[in-house]
Amino acid sequence: MSFEVLDKDLAGRIGRLKTRRGTIETPYLFPVINPFDATITVKDIEGLGFNAFITNILHVRRALRELDVVDVHDLLGFSGPVMTDSGAYQLLVYGEVDITPEEAVALQERCGSDIAVILDYPTGMTSYDEALRRVSETIERARALQLIKNDETILWVGPVQGAPYIDIVRHCAKQLSTLDFDIYAIGSPTTIMETYNYEALVDIIYVSKTILPLGKPVHLFGAGHPMMLPMAVALGCDLFDSASYIIYAKENRYMTPYGTYRLQDLEYFPCSCSICSKYAPQEFNEMPSNLRVRLIALHNLYALVSEIKRIKQSIKEGSLWEYVSLRSRAHSRLFSAFLKFKKYNSFLERLDPSTKPLISGLFFYDYHDIFRPKVTRHFKRLKNCLSNLHERTLVLIPRNDGQPFENFVEELVKKIYDTFKDDKEIKVLLYDYPFCLIPIELDGFFPLSQYEAPSKLDALSKVYVSSRVARLLKILKPKTILLYNDVERWGEHLEVACKKSCNIVKVLRSKELYAMEDLENLIHLLRELVEG
Ligand SMILES: [Zn+2]
């Protein structure tokens, strides 16, 4: 087993990928190195904390022919893990490549590649029929690899093609998952990325991840911008590669986690890397172009590596949801992708750990956060918890941290259960955004009391929570309901929800809440309700 998962959050994970020349901690982004371009060197990039590279096998072949080297590590002057790409990108861009699938395999074995890719056939923006033909070809080549490969110590990558056609992606992922690749990849998103079609990218990753073996790392090809890395990781991508750091630099484009700037539009560098601390944007304009490209490329790599670190820290903390949500506000199209992402909450919930993370407080902001997998999990459990509570008197109390709430609820619950002996007749439930209903005995379990929500709720959240409460109450068929309505926070929504599901609803309004001296009267009222 070459891949070990250390930490998880949503479908994202921190893992250890063992190669024969060292371990790579994932999520990881391989900088693309062109050994024939001296603008930026392996040494420069290593200095930023990268410890593995990717280079194109066509460059390696040229080096084998023109230079006196046989090993890709000698060519790059780097002894750590090197991944080679098989030329599929050239196939996508130029429509042809002068290497056969068999040669690509043999060459990668011969040059000492540690992670190698079969020569797949990218689908790009072709017709449906052509995409299907290319995927069949890729599957054939993937099967053939099992017969022609000789070196078992290389990690082989099986690329899922078919984008943008989702059913072809599904077909390809199914076929490849029957073959024992060490790493799976998702191909062709470059054209999707160029058109900012992040929604389609979310679909492609989601479909692939639901099919590919969960224990294997997944590489997303051509997704080398910091802006969309958090969402891709949260969906389960472990590996990335980027040539964009240098391509952007050559076009004077400066990467940040929230978008790309043209150099001429920058008055200030919004970054504190060693380059941005030393220079002002105006100084860049006066430099010789090769130095400028080099410095922007180094900054771009810094932006990428620091984004990966922020994502890892979010996974450790269990705050990846908050981070993806925050980053998705960088661009309207990225926000559209976030809306798609949150629809896959059941998939995310299956992979999201149920254990308490490093930092246990969850932050909720608005309606979208109701789709957070930890909330989805509570809704699933809630159905089981409530399944044997039919036809009782329900006491619904707003959940609220601090005093006087906590003392009051503690006293009330004690009195209720002292008076009514067991919960066969009466049940106390807390209600709140975003968890809707919380049985009192679960209050305190993570994350049902370890969260922060805004003091004022947006209208959609009020409507959503109230209608979900109404749906749950319909299942419970309560005999009577005593509702403590926090009117300031909830308005009339919950009263309406309760009245839809029960004929007898007694409502206490905000000003009557938490009055200790009224406890005896309350118990009297409850006795009347229970006894009908
Ligand atoms: Zn910088």
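Q: What does the secondary structure of the protein come to?
A: The protein has 23 helices and 20 strands. Those are DSSP runs, numbered from the N terminus: helices are H or I with at least four residues, strands are E with at least two. This is a predicted model, where local features need pLDDT of at least 70 and side-chain atom pairs count only at pLDDT 80 or more, while totals for chains, interfaces and linings use all residues. Residues are numbered from 1 along each chain as its sequence is written, and side-chain values use heavy atoms, with hydrogens and water left out.

Q: What does the C-alpha trace span, and how much of the protein is buried?
A: Along its principal axes the C-alpha trace spans about 95 × 55 × 40 Å. Of the 532 residues, 58% are buried. Buried means under 20% relative accessible area, exposed means over 50%, and partly exposed is in between, with a 1.4 Å probe and protein chains only.

Q: And which share of the contacts is between residues 24 or more positions apart?
A: Counting contacts with a separation of 6 or more, 71% are between residues 24 or more positions apart. Contact here is heavy atoms within 4.5 Å.

Q: OK, on to the metal. What coordinates the zinc ion?
A: The zinc ion is held by C271 (SG), C273 (SG), C276 (SG) and H299 (ND1), at 2.1 to 2.3 Å. Donors are N, O and S atoms within 2.8 Å of the metal (3.2 Å for Na, K and Ca), and since water is not among the atoms, sites may look incomplete.

Q: Which geometry does the site have?
A: Tetrahedral, with angles of 100 to 123° among the 4 donor atoms. Four donors get that label if all angles lie between 85 and 135 degrees. For reference, the ideal angle for four tetrahedral donors is 109.5 degrees.

Q: What spacing do the donors follow along the chain?
A: The pattern is C-x1-C-x2-C-x22-H. C271 and H299 link distant parts of the chain, 28 residues apart. C271 is in the loop between β13 (259–262) and α12 (274–278), whereas H299 belongs to helix α14 (residues 289–317).

Q: Are those two buried or exposed?
A: C271 and H299 are both buried.

Q: Switching to cysteines: how many disulfides are there?
A: A search of the whole structure gives 0 disulfides, with a disulfide being a pair of cysteine sulfur atoms within 2.5 Å. C385, for instance, is in none, and its nearest cysteine sulfur, that of C436, is 14 Å away. C385 is partly exposed, at 33% relative accessibility.

Q: What about C502?
A: C502 is in no disulfide either; the nearest cysteine sulfur is that of C498, 8.1 Å away. C502 is buried, with a relative accessible area of 4%.

Q: Now sheets. What's the order in the open sheet of 3 strands?
A: The order is β1-β2-β3, with antiparallel pairing. β1 (3–9) and β3 (22–26) are the edges: each has a single partner strand, so one side of each is left without a neighbour in the sheet. The twist there averages 15° from one strand to the next.

Q: How many bridges between β1 and β2?
A: β1 and β2 (residues 12–19) pair over 6 bridges, in the antiparallel sense. Strands count as paired if DSSP finds at least two bridges between them. K8 has R13 in β2 as its bridge partner.

Q: And the open sheet of 5 strands, what's its order?
A: β17-β16-β15-β19-β20, with mixed pairing. β17 (436–439) and β20 (504–509) stand at the edges, and the twist averages 25° from one strand to the next. β15 (393–398) and β19 (480–485) are parallel over 4 bridges, with T393 opposite T480.

Q: Which helix touches β15, β16 and β19, but also β20?
A: Helix α23 (residues 519–531), which packs on the sheet with its direction at about 150° to that of β19. Axes are lines fitted to C-alpha atoms, for helices over the stretch in contact, and angles run from 0 to 180 degrees between N-to-C directions.

Conventions. Tetrahedral: all angles 85-135°; square planar, octahedral: opposite > 155°, others 65-115°.
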